[in-house]
Amino acid sequence: MIDVNDLRKGTTFILDGQIYEVLEYQHHKPGRGNAFIRTKLRNLRTGAIIDKTFLSGDRVQDIRVENREVQFLYRDGDLYYMMDTRTYEQIPVPAERLGEAVNFLKEGITLILREYEGEPLGVELPVTVDLRVVEAEPGVKGDTASGADKWVVVETGYRLRVPLFVNEGDIIRVDTRTGEYVTRVG
């Protein structure tokens with residue numbers, strides 16, 4: 001058990017049978033009365049984000065989430081199969097545990113799988129991934145009223161805005177934190 005005063009960004013703990021990770025943490029001490037701690041938490045099983053306020057002195061059950069390096073193999077329906085790079089064990093991960101990460105998963109990509117007692121909770125992606133453009137609107141010369149960009153679809157099915165010079169078949173680098181175009185690679 002840890003005191004809520006010891007919570008920090010990235011801390012994981014169990015509350016009411018659910019596993020949470022601290023996204024934001026603020027300690028408030030009003031002039032009178034007890035201090036309280038405002039947190040923004042992500043439920044690692046459902047992906048839901050909640051705001052929770054704790055009173056100073058409350059305690060929660062801390063846990064250790066294990067990270068292991070895996071490689072994405074393939075998708076079968078709502079299951080995404082990962083392979084542990086050390087043991088070659090295949091691990092099925094449900095799509096809802098991956099959240100927005102499914103937009104950037106292509107065969108062979110190496111990631112970090114987060115687990116608690118063998119239960120996959122999600123993945124940590126590299127900061128950028130290189131994806132092939134499979135569908136692109138034609139870029140019309142002089143069409144700069146909208147900021148000179150257009151919509152494309154990449155090999156994972158993700159749709160994003162890119163500059164007009166990007167064409168079907170090009171490989172582009174995408175920032176996995178924001179989902180935005182970074183540069184054309186090839």
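Me: Under which definition do two strands pair?
Reply: Helices (H or I, at least four residues) and strands (E, at least two) are DSSP runs, numbered from the N terminus. Two strands pair if DSSP finds between them at least two bridges.

Me: On what kind of model do the values rest, and which atoms do side-chain values use?
Reply: This is a predicted model, in which local features need pLDDT of at least 70 and side-chain atom pairs count only at pLDDT 80 or more, while totals for chains, interfaces and linings use all residues.

Me: In S9, which residue is the bridge partner of Tyr81?
Reply: Strand S8 and strand S9 (residues 90-94) are paired in the antiparallel sense over five bridges. Their hairpin has five residues between the strands, and Tyr88 takes a positive phi near 65 degrees there. The bridge partner of Tyr81 in S9 is Pro92.

Me: Which residue in the turn between S7 and S8 has a positive phi?
Reply: Strand S7 (residues 66-76) runs antiparallel to S8, and six bridges join them. Across this pairing, Gln71 stands opposite Met83 in S8. The hairpin has two residues between the strands, and the residue in the turn with a positive phi of about 65 degrees is Gly77.

Me: How many of the residues of strand S8 are buried?
Reply: Buried means under 20% relative accessible area, exposed over 50%, and partly exposed in between (1.4 Å probe, protein chains only). Strand S8 (residues 79-84) is mostly covered, and of its six residues the number buried is five.

Me: What is the angle between the planes of Phe72 and Tyr80?
Reply: Rings of Phe, Tyr and Trp (its six-membered ring) pair if their centres lie within 6.5 Å; planes under 30 degrees apart count as stacked, over 60 as edge-to-face and the rest as tilted. A search of the whole structure finds five aromatic pairs. Phe72 is buried at a relative accessible area of 5%, and Tyr80 is buried at 7%. Their pair is tilted, with 5.9 Å centre to centre and an angle between the planes of 40 degrees.

Me: Why is one side of strand S14 and of strand S16 left without a neighbour in the sheet?
Reply: The open sheet of five strands has antiparallel pairing and the order S14-S13-S12-S15-S16. Strand S14 (159-163) and strand S16 (181-184) stand at the edges, so one side of each is left without a neighbour, as each has a single partner strand.

Me: In S15, which residue is the bridge partner of Leu131?
Reply: Strand S12 (residues 128-136) and strand S15 (residues 171-175) pair over five bridges in the antiparallel sense. Within S15, the bridge partner of Leu131 is Ile172.

Me: How many residues has the largest nonpolar core?
Reply: A nonpolar core is a set of buried Ala, Val, Leu, Ile, Met, Phe, Trp, Tyr and Cys residues joined through side-chain atoms within 4.5 Å. In the largest one, the residues with the most contacts inside it are Met82, Leu98, Leu105, Leu160 and Ile172, and its size in residues is 27.

Me: The side chain of Asp175 reaches the backbone nitrogen of which residue?
Reply: Asp175 is found in strand S15 and counts as buried at 11% relative accessibility. At 2.8 Å, the side chain of Asp175 reaches the backbone nitrogen of Arg177.

Definitions and conventions
Residues numbered from 1 in each chain as written. Heavy atoms only, no water. Polar contact = N/O pair within 3.5 Å; in protein donor to acceptor, adjacent residues only side chain to side chain.
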